[in-house]
Amino acid sequence: MSQIPVEDQVAMTMNNDEIADATSESNPVDSCSDDFEFFTKIGLTKLQEPSLEHTIIKASFCTGIGDQSELAKKINIVAIHKNSHSSRSREARADSFQVFAKAVADKCGGDANLKYGWYGASRNEICEIVMHGFSWCNTAAGNRYSISLSPAKFAFDSVLSSEADENGLRHVLLCRVILGKQEVLTANSNQFHPTSPEFDSGVDDLSAPRKYIVWSVYMNTHILPSYVISIKTPCLIEGSQGFLEANTIKPNSKWVRFPTLISMLSRFLEPSQIASLNKNYSDFREKKITRKQLIERMKEIAGHQAVAAIVDLFAKKENEGSSSSSSKGEAGAAKGR
C-alpha cells in the first residue's frame with residue numbers, strides 16, 4: 001500500500017477497508033450554523049450536502065452501522081464537520097502525523113497500515129480532543145493506558161460509546177490511524193507501550209479486529225481527528241441480540257442477572273479473568289461505571305460469543321419453563337371440565 005496523503009483522501013468502509021478518493025478541493029462548506037456553533041468556534045467546517053466528501057463520509061458511516069439495519073434506518077445524520085487543522089497547533093499535529101506515518105512505513109517495508117477508526121464520546125470531550133489532542137483522562141478512551149477506536153466497518157460501536165447532548169444529538173469522531181504492525185492485547189490490559197520495537201499498535205483480534213488500540217505514548221502522533229459526525233438516534237438499550245430502542249423493548253427480551261452470568265462464566269475462565277469480572281461488577285454496583293460499560297467489559301474478558309450463549313441458554317430454559325407451566329395449566333383446566 002503506497003503512502004497516502006492524510007487530508008487529501010477519504011476512507012470508504014469497504015470490507016477490505018480500502019481507500020476511495022475524494023479531493024478536498026471539491027468540497028464546499030455551509031456558512032456557520034447556530035446549531036453547531038460549538039464546532040465552528042473551534043475551527044471545524046461544516047460539509048455541504050451533497051458534496052462528494054459529505055457523500056463518502058455519510059456512506060462510510062451508514063455502512064458501519066449496517067449490522068443493526070432496523071435501527072440504522074432510524075439514525076439520522078444531522079451534520080458532518082471537517083477538521084481543517086486551521087490553528088498552528090493542529091497544523092503541527094497534522095504534520096507530525098505525516099512524519100510518523102512515513103517513519104512507520106519505512107520500518108514496515110513501505111506500508112504504515114493507515115486506517116480510519118471511529119471514536120465516540122461526549123460533545124465536550126470531542127471538542128477538547130480536536131483542540132488539544134487525546135488525553136488519558138478522556139472518559140470514552142477505555143483506560144488511561146490506551147485509546148480504543150472502532151474499525152471503519154464497526155461505526156455502530158462508536159455510537160454506543162457516545163453521549164447525547166442537551167439537544168439529543170450524539171457525536172462521533174472519524175480519525176486517521178497509524179496502525180503499523182499490530183500485536184494482540186488481552187482485555188483490560190495495563191500495557192502502555194509495545195512489548196518490542198517490532199510493534200506499533202494493539203488489536204483485540206488480528207484476523208477480525210473489533211478494536212484498534214493505540215497506546216498513550218502514541219495517542220497524539222498516531223491518531224489524527226479528521227471529521228465529526230453528528231447524529232440523532234433513538235434511546236438505546238442492550239439485549240443479547242444487539243441494541244434495541246428503549247421504547248420498543250418487549251417483555252420476552254433475553255436477559256440474565258449479572259451474578260448468574262458471572263457464576264456461569266467463572267466455570268471456564270482463568271482466576272485472573274474471574275477476579276476482573278467481579279471487580280467490574282463491584283465498580284458497577286458502586287456506580288463507578290455504567291451498565292453499558294460493565295456489559296462491554298464482560299464481553300472483552302469472556303468473549304462476546306460466550307456471554308451471548310449463556311444469555312440464550314437461560315432464555316431457552318425460561319421459555320421451556322413457561323411452556324411447561326402453560327401446558328400443565330391447560331391440562332388442569334381440561335381435567336376440571
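Colleague: Which residues of β5 are buried on one side of the strand, and which on the other?
Modeller: Strands here are DSSP runs (E, at least two residues), as are helices (H or I, at least four), and both are numbered from the N terminus. Buried means under 20% relative accessible area, while exposed means over 50% and partly exposed lies in between (1.4 Å probe, protein chains only). In a regular strand the side chains alternate between the two faces of the sheet. Both faces of β5 are covered: one side has Leu-114, Tyr-116, Trp-118 and Gly-120, and the other has Lys-115, Gly-117, Tyr-119 and Ala-121.

Colleague: Before we go on, what pLDDT do local features need here?
Modeller: Residues are numbered from 1 along each chain as its sequence is written, and side-chain values use heavy atoms, leaving out hydrogens and water. This is a predicted model, where totals for chains, interfaces and linings use all residues, side-chain atom pairs count only at pLDDT 80 or more, and local features need a pLDDT of at least 70.

Colleague: How many residues of β5 are buried?
Modeller: The strand covers residues 114-121. It is largely enclosed by the rest of the structure, because the buried residues number eight of the eight.

Colleague: Which residues stand opposite Gly-117 in β7 and in β8?
Modeller: Strands count as paired if DSSP finds at least two bridges between them. β5 runs antiparallel to β8, with eight bridges, and antiparallel to β7 (residues 146-151), with two bridges. Opposite Gly-117 stands Pro-151 in β7, and its bridge partner in β8 is Cys-175.

Colleague: Which elements give two or more residues to the lining of the largest cavity?
Modeller: A cavity is a set of points on a 1 Å grid over the protein atoms alone where a 1.4 Å probe fits but cannot get out, and its lining residues have an atom within 4 Å of a point. Grid points are joined across faces, edges and corners, and a volume is the space filled by probe spheres set on the points; the largest cavity holds about 100 Å³. Its lining has 14 residues, with Arg-93, Ile-129, Ile-223, Leu-224 and Pro-225 nearest the centre. The elements giving two or more residues are α4 (88-107), α5 (123-132) and β12.

Colleague: Which residues are linked into a cluster by ring pairs?
Modeller: Rings of Phe, Tyr and Trp (its six-membered ring) pair if their centres lie within 6.5 Å; planes under 30 degrees apart are stacked, over 60 edge-to-face and the rest tilted. Phe-36 and Phe-39 are stacked, at 6.4 Å centre to centre with 10° between the planes. The rings of Phe-38 and Phe-39 are edge-to-face because their planes meet at 75°, with centres 4.8 Å apart. The cluster is made of Phe-36, Phe-38 and Phe-39.

Colleague: What is the relative accessible area of Phe-39?
Modeller: Both Phe-36 and Phe-39 are buried. For Phe-39, the relative accessible area is 0%.

Colleague: What is phi of His-85, and of Asn-113?
Modeller: His-85 is in the loop between β4 and α4 and counts as buried at 9% relative accessibility. Asn-113, in the loop between α4 and β5, is buried too, at 16%. Neither residue is glycine, yet phi is positive, for His-85 near 55° and for Asn-113 near 55°.

Colleague: How far apart are the end C-alpha atoms of α9?
Modeller: The expected span of a helix is 1.5 Å times one less than its number of residues. For the 12 residues of α9 (residues 291-302) that should give 16 Å, and the end C-alpha distance agrees, at 16 Å.

Key. On a 1 Å grid over the protein atoms alone, a cavity is a set of points where a 1.4 Å probe fits but cannot get out, and a pocket is an open set with protein on both sides within 12 Å along at least five of seven lines; lining residues have an atom within 4 Å of a point.
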